Amino acid sequence: IPVDPFDLVIFGGTGDLARRKILPGLYRRYQAGQMPEEARIIAAARSDHDDAEFRDIARAAIEEFIPEGKRDAASLDEFIERLSYVAIDATGDDGWAPLSEKMREGMIRAFYFSVAPSLFGPIAERLHQHGIAGPDSRIVVEKPFGRDLASARKLNQTLAQHFDETQIYRIDHYLGKETVQNLMAVRFGNVLFEPLWNAQYVDHIQITVAETVGVDGRGAYYDKSGAMRDMVQNHLMQLLCLIAMEPPSRFDPDAVRDEKLKVIRALEPVEPYQIVRGQYEAGGGQPSYRDHAENPRSLTESFVAMKINVSNWRWAGTPFYLRTGKRLKARTSEIAVVFKDAPHSIFGAEAGRHRNILTIRLQPNEGMMLGVTIKEPGPGGMRLVDVPLDMTFADALGPEAEDVPDAYERLIMDVIRGNQTLFMRGDEVEAAWAWTDPIIQAWEERDDAPKPYDPGTSGPEDAQMLMHREGRRWREIR
Ligand code: BG6
């Protein structure tokens with residue numbers, strides 16, 4: 001179903017995110033018939049380009065980031081015609097009048113701030129001064145949304161001077177991933193899981209986001225962030241919230257976000273011994289983290305693993321273990337809900353210990369899998385084995401499920417539809433920083449040195465210990 005016609009202005013329209021994600025994503029939606037013919041995309045950036053030059057940039061980006069079999073010349077030409085460019089000075093006067101002239105009446109207006117946070121204020125102010133943005137306009141902002149509570153609060157205040165909260169779409173692209181939404185469908189669309197979804201039946205939960213890439217090419221940004229700010233405060237926190245939250249009464253933006261906020265507020269502070277930080281060494285012909293970051297004494301973590309307690313009735317006593325890192329063994333993101341042992345085994349000790357585990361895989365091979373214990377076939381007596389009830393979406397739902405839209409495609413369309421459910425509210429972001437800040441501050445005060453780990457592994461040995469000492473173990477990264 002096509003969305004309503006819109007004018008989308010992308011500030012930073014020639015930048016990395018625009019080239020990698022936003023423009024290819026919009027093209028895919030055009031191709032799928034979701035972006036209407038009347039929609040227009042205006043890139044605004046500092047450099048001097050004309051429309052033709054920008055269209056070449058956009059075409060090259062789409063050709064680079066969308067595989068050949070998934071694009072076609074005719075629709076690409078049509079899409080490119082809908083693009084134009086304005087050279088703009090975000091902190092000065094140039095370019096604003098031409099931008100204003102390009103905007104059409106009666107269209108949805110959306111402004112994507114794909115720029116440094118220091119420009120949010122100046123751009124918001126000028127959009128209003130020149131009458132380009134009004135009460136119905138929407139703005140989209142990206143992470144990093146601040147680097148601590150104070151800076152996030154300031155950004156929220158800056159945006160609030162010009163826009164109402166209902167106009168602000170803070171992107172966390174993890175919320176746009178197909179499986180993440182499916183997690184809500186599975187939890188709240190079935191009667192099967194919710195009664196068991198609590199400390200009485202769940203032993204613990206593991207959330208792993210492992211990457212094989214290093215920080216090459218973005219060391220300057222990353223070295224000032226580290227895994228805690230780059231991944232945990234936002235992406236992993238959002239996943240934790242969706243697992244831990246109470247059922248909202250409706251699937252609407254504030255109902256969902258209210259429940260997520262309650263989870264963040266229920267997180268206990270994390271003690272230093274419950275966290276392991278790591279930093280990758282050189283290996284496999286690749287430089288070390290410190291070389292990538294061009295900072296020989298860097299104390300920034302490229303890996304972090306931690307145990308988190310959620311203090312509320314549902315989860316008290318059931319820990320959440322989170323880990324994420326770069327240059328690990330495999331690229332895989334998954335959530336595992338590990339259920340408790342059966343209270344009593346009627347099959348005796350030789351039947352072994354068996355547990356039900358629900359695995360929710362974000363990537364690759366999106367899907368869910370429930371490990372169920374059954375009898376090993378054959379006459380060998382009552383021997384038990386675990387078999388997966390496999391709900392890989394592509395297998396269950398056919399080829400359409402294989403071609404799921406990328407997170408950005410979906411989220412941009414949600415902006416145009418005016419649906420904020422999958423976007424972070426200002427208070428949520430602040431609460432996440434309020435929880436993260438003391439952890440980072442403690443590291444900084446102690447000059448805490450991350451543990452080195454070899455690339456291609458599961459991170460530092462201490463991360464294994466974090467679980468082992470409690471009689472648990474991480475699932476294999478693969
Ligand atoms: C980004 C982080 O937000 O998410 C990156 O800044 C990380 O460091 C990326 O690589 C991971 O996203 P995805 O979708 O590839 O899992």
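In this predicted model, helix α7 (residues 178-189) lies across strands β11, β12 and β13 (367-375). The helix runs at about 150 degrees to β12. Helix α9 (residues 226-244) also packs on the sheet. Its contacts are with β7 (202-210), β9 (303-308), β10 (320-325), β11 and β12. The direction of α9 makes about 145 degrees with that of β10.

The sheet itself is open and has 9 strands. Their order is β14-β13-β12-β11-β7-β10-β9-β8-β15, and the pairing is mixed. Strands β14 (384-392) and β15 (451-453) form the edges, each pairing on one side only. From one strand to the next, the twist averages 20 degrees. Within this sheet, β11 (residues 332-339) and β12 (residues 357-363) pair in the antiparallel sense. Their pairing extends over 6 bridges. Ser333 has Gln363 of β12 as its bridge partner.

At least two lining residues come from each of β7, β11, β12, β13 and β14. By class, the lining has 11 charged, 9 polar and 9 nonpolar residues.

An unreviewed UniProt entry places the feature "domain: Glucose-6-phosphate dehydrogenase NAD-binding" at residues 9-182. Over residues 9-182, the chain is 44% helix and 16% strand. The end C-alpha atoms of that stretch are 30 Å apart.

Technical notes: Residues are numbered from 1 along each chain as its sequence is written. This is a predicted model: local features need pLDDT of at least 70, side-chain atom pairs count only at pLDDT 80 or more; totals for chains, interfaces and linings use all residues. Side-chain values use heavy atoms; hydrogens and water are left out. Two strands pair if DSSP finds at least two bridges between them. Helices (H or I, at least four residues) and strands (E, at least two) are DSSP runs, numbered from the N terminus. Axes are lines fitted to C-alpha atoms, for helices over the stretch in contact, and angles run from 0 to 180 degrees between N-to-C directions. Contact means heavy atoms within 4.5 Å. UniProt positions are given in the numbering used here, feature names are shortened, and annotations may be inferred rather than shown by experiment. Ala, Val, Leu, Ile, Met, Phe, Trp, Tyr, Cys and Pro count as nonpolar, Asp, Glu, Lys and Arg as charged, and the others, Gly among them, as polar.
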